[in-house]
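I opened the notebook to go through this model step by step. Sequence and coordinates go in here before the entries.

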Amino acid sequence: MEATVNIAKPATGGTYIKQVMTIGFFFFIFGFVTWVNGTLIPYLRIACELEEWQAYLVTFAFYISYTFMALPSSKILQATGIIKGMQVGLLIMAAGCLLFVPAAMMRYYPLFLLGLFVVGAGTTLLQTAVNPYITKLGDPARAAQRISIMGICNKFAGILAPMILGAIILKNSDGLLAELESLAPAAKTMRLDELAQDVIMPYIVLTIVLCVIAFGIKYAHLPEIAPSEDDLAINQQEELANGGKSYNGIFMLGFTAIFVTVGVEVIAGDTISNYGIYHGVRLDVAKSLTSYTLASMLTGYVLGALFIPRLISQEKAFLYSSLLGVLLTLLAVFVPGQASIAFIALLGFANAMLWPAIWPLALRGLSGALLNRGSAILIMGIAGGAILPLVYSWLSHISNNQLAYLLLIPCYLFNVYYQISRTKKQVYHA
């Protein structure tokens, strides 16, 4: 049985739609600031004169903040409530964006990484609030459908972000590398300083937008989530159903599922630009390849929103998506030449229904403190986006960029195991 969660003022009709649209807007915002990383990697690699593995510290700095901030975020939300917690998260994100200004002025890579860490910390707080919020906002059977709608907002922003930022910070990129190679050391330094400063205006705009949203959120009239009277009894029943064991084992399986899922998402989205360059694609094309991965992911989210649970359950969608991920990875690894890039982009489609289905699977029957704790542990799993791209980079160094994608196979296979094991427990305890 699914725990019932009361909303302070139960919403119907237009009010419910307004609430979903508001949360969707938040997913758009942190989708934008998340997926610009795919463009920042080749940009900072050039501007700060980095080795390839150093450039992937962009994803590490951003996603490792989830590990450090997830549990503190849970405590903050308990103290502030979800709505004020969202405001705090947006302001922290704004502070991180503002750090890009001095980082660009000094062309100092560690300060860029600190800014990304702070943006990630704010995003952690926001995600810890809005993911369980949208999961519990309506019919449990439609939770993956609602999260799919959030994914549409997130990935639509992700499609726009590389295009917009790439057009600003990597304009005239086709001749940029040749230009830099032709310059004397002093002139090259001046040109790189100019290139680094191109990022200032976009991040000032992001800072302003985030602050405006933070101060305007109170006008959205979002209700707080409040446990129903029988939540405690349901939690106790779930404990007994698990033989008196704690939820730690269930949480850790969910954590691992999120870890590998975010890892494969980030690898598919953020390595594809460098992978294109590896296969000889021009920089002016490669800089926007992330948008193709996110476009295929957006397609998956749209289909999920349309067909779950009408034609397929969220559990089956999760299973079939994981198996499709295995197939597409094998094609990406063994199809030669630039054609394999298309299969990396298509991984976005396979990845679309993984994140939306994990949340209802992992949070089934939880509320109150258990809901906060479970959500925080799941959010910590986003660290997969920090660790697995570095593992991919290491594998590409000892083999090559194409064979390194074999890393994705065990990730998808774990999700197959997770879906089967968690679904069996749901059937057993029904």
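Entry: Leaving aside neighbours within four places in sequence, which residues is Thr128 in contact with? I looked them up, taking contact as heavy atoms within 4.5 Å. Thr128 is in contact with Ser73, Ser74, Leu77, Ser375, Ala376 and Ile379. I placed Thr128 in helix 7, residues 109-135. Helices here are DSSP runs of H or I with at least four residues, strands are runs of E with at least two, and both are numbered from the N terminus. Thr128 has a relative accessible area of 3%, so I filed it as buried. My classes are buried under 20% relative accessible area, exposed over 50% and partly exposed in between, with a 1.4 Å probe and protein chains only. I also checked the side chain of Thr128, which reaches the backbone oxygen of Thr124 at 2.7 Å.

**Entry: ground rules.** This is a predicted model, in which local features need pLDDT of at least 70 and side-chain atom pairs count only at pLDDT 80 or more, while totals for chains, interfaces and linings use all residues. Residues are numbered from 1 along each chain as its sequence is written, and side-chain values use heavy atoms, with hydrogens and water left out.

**Entry: confidence.** I read pLDDT as the predictor's confidence in each residue, from 0 to 100. The protein has a mean pLDDT of 83. I noted that 86% of its residues reach 70 or more. Where does pLDDT stay under 50? I found residues 1-10, with 31 contacts beyond four places in sequence. I also found residues 239-244, with seven such contacts.

**Entry: overall numbers.** I counted 22 helices and two strands. The protein has 430 residues, and 58% are buried. Among contacts with a separation of 6 or more, 86% join residues 24 or more positions apart. The accessible surface comes to about 16800 Å². Carbon and sulfur atoms hold 69% of that surface. Accessible areas come from the Shrake-Rupley method with a 1.4 Å probe, and for residues only the protein chains shown count as cover.

**Entry: another threonine.** Is Thr39 buried or exposed? Its relative accessibility is 0%, so Thr39 counts as buried. I located Thr39 in helix 2, residues 37-47. Not counting residues up to four places away in sequence, Thr39 touches Pro162, Leu165, Gly166, Ile169, Leu170 and Lys287.

Entry: Most residues other than glycine have a negative phi. I therefore looked for exceptions to that rule. Glu49 has phi near 55°. Arg107 has phi near 50°. Glu49 is in the loop between helix 2 and helix 3 (52-55). Arg107 is in the loop between helix 6 (100-106) and helix 7.

**Entry: salt bridges.** Side chains of opposite charge can pair when their charged atoms come close. My cut-off is a side-chain nitrogen of Lys or Arg within 4 Å of a carboxyl oxygen of Asp or Glu. How many salt bridges does the structure hold? I got five. Glu49 and Arg107 form one, with the closest N and O atoms 3.6 Å apart. Each partner lies in a loop, so the pair ties together parts that are 58 residues apart in sequence. Glu49 is partly exposed at 49%, whereas Arg107 is buried at 18%. I then traced a network of salt bridges linking Glu49, Arg107, Lys188 and Asp193.

Arg191 forms a salt bridge with Glu179, the closest N and O atoms being 3.0 Å apart. Arg191 is in helix 10 (residues 185-197) and Glu179 in helix 9 (residues 176-182), 12 residues apart. Glu179 is partly exposed at 31%.

Arg282 and Asp284 meet in a salt bridge at 3.1 Å, N to O. Arg282 is partly exposed at 47%, and Asp284 is partly exposed at 26%.

**Entry: a nonpolar patch.** Which residues make the nonpolar surface patch of about 480 Å²? I listed Val302, Leu303, Leu306, Phe307, Leu311 and Phe349. Patches are made of residues with over 30% relative accessible area and no salt bridge; like charges are joined within 9 Å, nonpolar side chains (Val, Leu, Ile, Met, Phe, Trp, Tyr) within 5 Å. Helix 16 (residues 289-307) gives the largest share, four residues. Leu311 is in the loop between helix 16 and helix 17 (314-334). I noted Leu311 as exposed, because its relative accessibility is 63%.

Notes. A polar contact is a pair of N or O atoms within 3.5 Å; within protein, one must be able to donate a hydrogen and the other to accept it, and residues adjacent in sequence count only if both atoms are side-chain atoms.
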